[in-house]
Amino acid sequence: MVCDAIVARGAPATAVHAREIVMLVFRHAGQPGHGLPNPADKVPPRSIATFRRATGP
């Protein structure tokens, strides 16, 4: 998947964002009743990357 290539280059947040864009495109395409399955639904964001809360100085 494209997200794997983005993570491999060191941009996990961008990979999660790319998944969201794919999800929105398929959601929009399915609105008129075409019934297209959304492949991004099968990929949870945590399977792409996990983030830790930043700690203060």
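## Overall dimensions

The radius of gyration is taken here over C-alpha atoms, and the globule rule used for comparison is 2.2 Å times the number of residues to the power 0.38. For a compact globule of 57 residues, that radius would be near 10 Å, whereas the chain has 14 Å. The C-alpha trace spans about 50 × 25 × 15 Å along its principal axes.

## Basis of the model

This is a predicted model, in which local features need pLDDT of at least 70 and side-chain atom pairs count only at pLDDT 80 or more, while totals for chains, interfaces and linings use all residues. Residues are numbered from 1 along each chain as its sequence is written, and side-chain values use heavy atoms, with hydrogens and water left out.

## Secondary structure and contacts

The chain holds 3 helices and 0 strands, in the order α-α-α from the N terminus. Helices (H or I, at least four residues) and strands (E, at least two) are DSSP runs, numbered from the N terminus.

A contact means heavy atoms within 4.5 Å. Of the contacts between residues at least 6 apart in sequence, 50% join residues at least 24 apart.

## Surface and burial

The accessible surface of the chain is about 4600 Å², and carbon and sulfur atoms account for 60% of it. Such areas come from the Shrake-Rupley method with a 1.4 Å probe; for residues, only the protein chains shown count as cover.

Of the 57 residues, 21% count as buried. Buried means under 20% relative accessible area, exposed over 50%, and partly exposed in between (1.4 Å probe, protein chains only).

## Ile21

Ile21 lies in helix α2, which covers residues 12-30. Ile21 counts as partly exposed because its relative accessibility is 42%. Cys3 is 18 residues from Ile21 along the chain, and their C-alpha atoms are separated by 11 Å.
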